[in-house]
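Here is a protein chain to explore. Have a look at the sequence and the fold, then come back for a walk through some of the details.

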Amino acid sequence: MFENAIYQDLIDKINKIRSYGINRMLTIPQIAILGDQSSGKSSVLEAITKLTFPRNIETCTRFATQVNLRRSEQTEMSAHIEGEPEFNECHKILDTTSDIHIIISEAKDILCSSVQISKKVLEITISGPTLSPLTIIDLPGYINTTIDGQDKGIVKTIRAINKRYIKDSRTIILAVVPANVDLNNIFVLGEAERYDPCNERTIPIVTKPDTVEPDLLPNLIHTLLNKRKSMKLGYLVMKNSGFKDINKSWDEARQREDDFFNASELWRQVPDTRKGRVSVEKFLGELLYTHIKKEFPFLRKEILELTTDYEKEIISMGPEVSSLAAARAKYFECILNLKSSLTALLEGNYSHEYISKHKPATKKQHSAVTRAGNSDGDDDNSDGDDDNSDNDDNSDSDDDNSDSDSDDDNSDSDSDDDNSDSDSDDDNSDNDDDTAPQLVEGDNHFVRSSLHQLYRHYSRALNRDRYILTTDKISELVLRYRGSELPGFISFTTFTQIYIETLTSWRTRTDEHISNMHLYLYKAVTNFITFAAEPLLKDMLLLEFDRFYTLQTTKMDDAIENIFNDEGTPFTMNKYYYDNILKSRHQKAEQHCRKLLSKFQSKTAAGAAVPVKLEVSDVNYNEEHAIEDLQEMLLSYCKVARKRIVDVVLLQTIERHMFKQIKLYFDMLIAVDDDVISSRLLESPTQRARRQELHDKVSILKKSLRLL
């Protein structure tokens, strides 16, 4: 099997991608040898690699050593430490007769110059025509205490280094177990079982079998036959070369090992494939090959996923910004993009893509608006008629030369509006909640639609709150505000004072509704900025928007104050006002005539012609008639003023100071100084290092993927 080129190629690929540094990003299939210090770990390595490793207590493993065995026509050796170019150049090509002790000693001087245990790895590659392809990682031996002069922390350091390997699900744990120590007391097996609780990837390799007392040998044989502590991969056993055998050749050591296992009937119970250095090397090589083949598809998948994740992070960082000029260019690009998208949102110019993206929100909002519309019933239709009435009024006032027929038609339309308004008031006069500001249901994706809902509700609120007083109440107010005018006359000042009471109520409603619109619009825009803005600029953009909104809110409050100050003096040139008064008087005259006619007809029906007696006009009659006229004038004027106030308030507050002047917000953003821009967008050393790190990792992953 080991002569198969595919086998060697597979091992080489894993070693190659490990040399790229991919093992720092994800785990790769490997075998790690662990054990207590002086457990025979070095002897196992010697038996497998045919190299002589240090056994002195002072020079034993102080760092992880990765040994790569390669089958090749050329016989050579090399040593490598990542990040140590001088060492790597000196040990690029070595003779296999080179003293491994010297190489490890030099590596120790480099890796342990400032620490007693290093987290770096010494990589030794050995090639030869008789070698079986295998990679094995020798880890520092566990210790439980320190001697004088040793750092007390090395106990934890060794355990932390080894833990990094044994907790990796792709690492096969070759646990060195001395034969003369009971399984219950072997620390490495306990550590392995913490991260491999089902013992699926742990292989105990028993060393020093020649030290077992004869009466304990049967128990050891039962252990090796997997009958005492079950291990999925079974057990291995190897006879160590002691200090007295240091000068003996590998072949001589192998022969002594074979003789040992063949000398006892008990040892012959252990399968040949599980004992001796030759069998162990072959077993581990086949195991690693099978392990790599099984993990290959998953490894490729993880590399692809990790590459995608890193590339996404690179994209999320945006183009590299390493200078002030680049920072300014990126800043202005972000501001222009935000201006374009925010302006489109406020104007209601939604793209097909935007509408498609927020379809669920659209449906939800539509249902909310529909529910609101249905609850208001005829009021919406009433407002719709009023709006059409306004258009007719404007047409009438602009066209002074229109003919009488046209005026009659408009008068009829106005009369209908009058009745419609009255009906809507009667139907909703007891519904006080309808005048309160309304909360917008749904999300903020379609600002114009939601604001239109609030606009309509504001108009309905003022319509329900219009001035309609009983005759007795108006009489009381006329009496309160009376001056020196004759009975039957009501001064303009009195009319104004009574109207101002209605205006005061409208001002309160207006403040409430405009404040509600403020809150909705502020929330909608800040949510949009939070969603759409460059993350690095988000806090600054929101802070500037707060400043802008505070300034505009003050302007809107001033505008409302001016509007209602102007409205404090009644004024209109709207023909709708005069036509309403004439229509009302005409209706009263008709009603009076019908009343007289009814009286006359009732008298003649009795058979006698009796003259109808007209009512006698006196001072009180003139006063009552004047109050009725005043009530008609108030009602007609309030209709005109209400419609005008709604339009003017909305146009001169929300529409003027928020929508049309949103450009002032972007003017404020353009005026931001370079220090603010650079502090937000100029990449810090940490960010630049992270970007470079991501590019390096992606490069390693892609190289590894091509190799696999």
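## Salt bridges

The side chains of E693 and K697 come together in a salt bridge, 3.0 Å from N to O. A salt bridge here is a side-chain nitrogen of Lys or Arg within 4 Å of a carboxyl oxygen of Asp or Glu. Before going further: this is a predicted model, in which local features need pLDDT of at least 70 and side-chain atom pairs count only at pLDDT 80 or more, while totals for chains, interfaces and linings use all residues. Residues are numbered from 1 along each chain as its sequence is written, and side-chain values use heavy atoms, with hydrogens and water left out.

Back to that pair. E693 and K697 are 4 residues apart in helix α23 (residues 685-707), so about one helical turn separates them. Helices (H or I, at least four residues) and strands (E, at least two) are DSSP runs, numbered from the N terminus. E693 is partly exposed at 34% relative accessibility, whereas K697 is buried at 18%. Those words have cut-offs: buried means under 20% relative accessible area, exposed over 50%, and partly exposed in between (1.4 Å probe, protein chains only).

Which residues does R507 bridge to? One partner is D511, and another is E561. R507 and D511 both sit in helix α17 (residues 492-532), 4 residues apart, or about one turn of the helix. R507 is partly exposed, with a relative accessible area of 21%. D511 is partly exposed too, at 31%, and so is E561, at 34%.

| Salt bridge | Closest N to O distance |
|---|---|
| R507 and D511 | 3.2 Å |
| R507 and E561 | 3.0 Å |

How many salt bridges are there by this rule? The count comes to 29. Among the residues involved, R170, K294, E295 and E302 are linked in a network.

## The sheet

Now for the overall layout. The protein chain has 23 helices and 8 strands, and 45% of its 708 residues count as buried. Contact means heavy atoms within 4.5 Å. Among contacts between residues at least 6 apart in sequence, 81% join residues at least 24 apart.

An open sheet of 8 strands runs in the order β3-β4-β2-β5-β1-β6-β7-β8, with mixed pairing. β3 and β8 (236-237) stand at its edges with a single partner strand each, so one side of each has no neighbour in the sheet. Two strands count as paired if DSSP finds at least two bridges between them.

Is strand β1 (residues 30-34) mostly covered or mostly open? It is mostly covered, with 5 of its 5 residues buried. Q30, A32 and L34 are on one side and I31 and I33 on the other, and all of them are buried. In a regular strand, side chains alternate between the two faces of the sheet.

β1 runs parallel to β6, joined by 5 bridges, and L34 has A175 in β6 as its bridge partner. β1 also runs parallel to β5, here with 3 bridges, and I31 is partnered with I136. That β5 residue turns up again across from another strand: V67 stands opposite I136. Strand β2 (residues 64-71) and strand β5 (residues 134-138) pair in the antiparallel sense over 5 bridges.

A179 lies in the loop between β6 (171-178) and α6 (187-195), and it is buried at 14% relative accessibility. Leaving out residues up to four places away in sequence, A179 touches V206, T207, K208, P209, V212 and L220. A179 and I205 are 26 residues apart in sequence, with their C-alpha atoms 9.3 Å apart in space.

## The largest pocket

On a 1 Å grid over the protein atoms alone, a pocket is an open set of points where a 1.4 Å probe fits, with protein on both sides within 12 Å along at least five of seven lines; lining residues have an atom within 4 Å of a point. The largest pocket is lined by 22 residues, of which N23, R24, E82, V121 and Y165 lie nearest its centre. α1 (5-20), β3 (76-81), β4 (121-128) and α5 (154-166) each supply at least two residues of the lining.
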